[in-house]
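Student: I have just opened this structure and would like to learn how its features get their names. Could you take me through it?

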Amino acid sequence: MERRTSGYRALIVEDDGAILGLVKIVLERENFTVEGVKRAAAAMELLGTVAYDLLIVDLMLPEIGGEALLDFLEATQPKYLRRVIVTTASPAKMSCDFLHRICHLLAKPFDIDQLVLIARECAQP
C-alpha cells in the first residue's frame with residue numbers, strides 16, 4: 001500500500017461536486033493530500049491500494065450508499081472506521097449502530113472551520 005511520509009492523506013466520498021471541491025481545497029490548505037470520488041464503488045477500489053489517514057463519507061450516495069461503504073470497511077478494513085467522518089443532511093438516517101464506531105458525524109450544512117478541527121482530530125494515529 002502506498003503511504004505518505006508527511007502530512008495526512010484523505011479520501012472524500014461525496015457525490016455533490018461543489019461540496020467535494022470545497023472540502024478538497026480546504027483540506028489541501030491544511031497540508032492534507034486529498035483524493036475525491038463521487039461513488040462508493042470507486043472508494044472501495046482505492047481503499048484496497050492506498051492507505052488513508054482520514055475518510056470523509058457522505059451518507060446519501062447513489063448506487064451504493066455511505067452506510068454500505070461503512071459495512072464494507074467494517075468487513076475488510078475495520079481500522080478505518082475510527083478515521084471516518086460521516087456527513088449527511090439527514091443525521092437521523094444514520095444507524096445508531098455505527099455512531100460509536102466512527103470518528104464523527106457531521107450534519108450538513110457544516111462549518112468549514114469545524115470540519116478542519118474534526119479532520120485533524122480524526123486523522124491522528
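Tutor: Gladly! pLDDT is the predictor's confidence in each residue, on a scale from 0 to 100. In this chain the mean pLDDT is 90, and 92% of the residues reach 70 or more. This is a predicted model, in which local features need pLDDT of at least 70 and side-chain atom pairs count only at pLDDT 80 or more, while totals for chains, interfaces and linings use all residues. Residues are numbered from 1 along each chain as its sequence is written, and side-chain values use heavy atoms, leaving out hydrogens and water.

Student: Where does pLDDT stay under 50?

Tutor: Over residues 1-5, for which the model has 15 contacts beyond four places in sequence; a contact means heavy atoms within 4.5 Å. Where pLDDT is low, the predicted coordinates should not be read in detail.

Student: What makes cysteine 103 and cysteine 122 a disulfide?

Tutor: A disulfide is a pair of cysteine sulfur atoms within 2.5 Å. The sulfur atoms of cysteine 103 and cysteine 122 are 1.9 Å apart, so the pair counts as one. The structure holds one disulfide. This pair links distant parts of the chain, 19 residues apart: cysteine 103 is in the loop between helix H4 (96-99) and strand S5 (104-107), and cysteine 122 is in helix H5 (residues 112-123). Helices (H or I, at least four residues) and strands (E, at least two) are DSSP runs, numbered from the N terminus. The link is left-handed, with -90° about the S-S bond.

Student: Why is threonine 87 called buried?

Tutor: Buried means under 20% relative accessible area, exposed means over 50%, and partly exposed is in between (1.4 Å probe, protein chains only). Threonine 87 has 2% relative accessibility, so it counts as buried. Threonine 87 lies in strand S4, and beyond its neighbours within four places in sequence its contacts include Ile56, Leu106 and Phe110. Cysteine 103 and cysteine 122 are both buried too.

Student: And is asparagine 31 buried, exposed or partly exposed?

Tutor: Partly exposed, because its relative accessibility is 48%. Asparagine 31 sits in the loop between helix H1 (17-29) and strand S2 (32-37), and has a positive phi of about 70° although it is not a glycine. Glutamate 63 also has a positive phi, near 65°. With a relative accessible area of 72%, glutamate 63 is exposed.

Student: How do you know that the length of H5 agrees with its number of residues?

Tutor: The expected span of a helix is 1.5 Å times one less than its number of residues. For the 12 residues of H5 that gives 16 Å, and its end C-alpha atoms are 16 Å apart, so the two agree. The buried residues of H5 include Leu115, Ile118 and Cys122.

Student: Which buried residues does helix H3 have, and why do they line one face?

Tutor: In helix H3 (residues 66-76) they are Gly66, Leu69, Leu70 and Leu73. Seen down the axis of H3, these residues fall within an arc of 100°, so they line one face of the helix. The arc is that of the directions from the helix axis to the C-beta atoms. An α-helix has 3.6 residues a turn, so residues three or four places apart point the same way.

Student: Which peptide bond is cis?

Tutor: The one from lysine 108 to proline 109, with omega near -5°. Proline 109 lies in the loop between S5 and H5.
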